[in-house]
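Subject: Structure handover

Hello,

Please look through the file before reading on.

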Amino acid sequence: MEISNAKYTKVVDAETNSSIRVTIDGIVMNVPLDVNNTHYQAIQEWVAEGNTITPAS
Amino acid sequence: MSTVKVDNLQARSDDVLTIPSSLNVTGYSANVSGNVSVARSLAVGYTDGRTPQANLEVTGNVVMSSMSYPNAGGLWSGRNMAINGAMQVAQRGTSFTSVTASGTFGVDRFLYHLANAGTWTVTQSTDVPTGQGFLKALRVDCTATQASLAAGAYARIDHRLLGQDLIRLKKGTANAEKFTVSFWVKSNKTGTYVLEIDDDDNSRCICQLYTVDTTNTWEKKVLTFDGDTSGALGDDANRSWTIEWWFASGTDWKGGTLQTTWASKVNNTRTTGMTNNLADSTDNDFAITGVQFEVGEYATPFEFEPQAETLRKCQRYYQKSYAETTTPGTSVASYLQAKVDDSTYNFIKVNFSPVMRAAPTVVTYSTTGASGKLRNLSTGADIDETVASYAEGIMVHNASVVTSGQNIAFHYTAAAEI
């Protein structure tokens, strides 16, 4: 997977991160913060490689 | 008519007692410990008219028209634990070109798993076994080669299943059931391939070799595996099981003795004996259909099911707002639409049906087909969104300022693959 432009988003309220808006293989996706989601697992591996997720605006 | 009464009736020269016309048993039972072969018909329990008076009890397997029906599992409907085995459902599209890495579902539930093993086209094909009732197959075609594979390279098709759907296997118990995987396969390249079964919860596996005997010819393969008395599967909605059709593998995956009994997974025992590298020529292709995974040591006839039923099963892992045959990202005339009545709290909620196995990754599409966008129909512009997803649905919020009264339109896909 080619991962880029990962950024937390807050949808439900202004305090809690809801998802990660990220580009994977050229497609803009919204990935839930769920350890059982395979895209979230891939993002965690990407972070472990030294990449960072931008905080929500 | 005369009557001969005997205590035992025994064949003289072998174990077969041949009765040229008919045998009528008017008492209560006929006990046969061997096989019963009837040239025309076997009527049981009919003593007057057509009212059954007794049962036919079979403790072995029942063979009808050369098809064996199991005595384990006990299910006449719902026997097939594989999903979309007839390759009928392809929600993401029917053709994917230039595939060089994992992630492509040429049909739902069948993942092309690939690393450093050439470039491929993955399609839902209409080339199927003749006269078997199938209309679709999953096919991969090599379009750029990798003749010399790196150690970690591989190419295979994965079918992944949830532990909660495999309870009938009784895995990890003393009563673990044997199971059988049957499928049709076709390749231009004859030779030896591997089918691997993975227990993903306990990192265990079992493998078998099979051969493609004739080039470019559909062949049915039936592989039976022992049950595993170790390692129970998780009773949850996460990946517990993978069926893997290997057709290319580097040295990391071979060299040890092929793991033909259940054991902890060791990578170099997973494809030993598979001689083929299907990535070595652009002439190469590989196709499967009619995948059936069932309890017992016999392959029963393929269990065809209505398209709607297969689609519903697939939607637990992937669903979309488009029509079933519309490829996501296509610009279409119809879409989901909402009128914004508050410029700040403009949420659009969509409920899934069926509920997905977990919170999915969501991609929204503008009516133009742009991903990560909503369409503001009132201004004619694509706008950014944010989405919160849950197993039961999504909440979509436009990230740009939208004036009250404006109309928003979009489509979405939701993926909760395992």
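In chain B, B:R109 and B:E417 form a salt bridge, with their closest N and O atoms 2.5 Å apart; a salt bridge here is a side-chain nitrogen of Lys or Arg within 4 Å of a carboxyl oxygen of Asp or Glu. B:R109 sits in the loop between β4 (104-107) and β5 (110-125) of chain B and B:E417 in the segment after β22, so this pair ties together parts that are 308 residues apart in sequence. Both B:R109 and B:E417 are buried (under 20% relative accessible area; exposed is over 50% and partly exposed in between, with a 1.4 Å probe and protein chains only).

Before the rest, a word on conventions. This is a predicted model, in which local features need pLDDT of at least 70 and side-chain atom pairs count only at pLDDT 80 or more, while totals for chains, interfaces and linings use all residues. Residues are numbered from 1 along each chain as its sequence is written, chains are lettered from A and ligands numbered from 1 in the order in which they are written, and side-chain values use heavy atoms, with hydrogens and water left out.

B:E417 also forms a salt bridge with B:R92, where the closest N and O atoms are 2.6 Å apart. That pair links distant parts of the chain, 325 residues apart: B:R92 is in the loop between β2 (67-69) and β3 (95-101) of chain B, and B:E417 in the segment after β22 (407-415). The relative accessible area is 14% for B:R92 and 9% for B:E417, and B:R92 is buried too.

Elsewhere in the salt bridges, a network links B:R156, B:D158, B:R160, B:E196, B:D198, B:E244, B:K265 and B:R270. Over all chains the count comes to 29 salt bridges.

Chain B as a whole has one helix and 22 strands (DSSP runs numbered from the N terminus: H or I of at least four residues for helices, E of at least two for strands). Of its 418 residues, 50% are buried. Its C-alpha atoms fill a box of roughly 100 × 60 × 40 Å along the principal axes. Among contacts (heavy atoms within 4.5 Å) in chain B between residues at least 6 apart in sequence, 72% join residues at least 24 apart.

Now the interface. There, 24 residues of chain B are in contact with 17 residues of chain A. About 1600 Å² is buried between the two chains, 50% of it from carbon and sulfur atoms; buried area is the accessible area (1.4 Å probe) that two parts lose on being put together, summed over both. On the chain B side, B:A359, B:T361 and B:T386 lose the most area to chain A, together 26% of what that side buries.

Two salt bridges cross this interface. A:R21 meets B:E385 at 2.2 Å, N to O. A:R21 also meets B:D384, at 3.6 Å, N to O; this pair runs from strand β2 (residues 19-24) of chain A to strand β20 of chain B. A:R21 counts as buried at 17% relative accessibility, whereas B:D384 is partly exposed at 31%.

Regards
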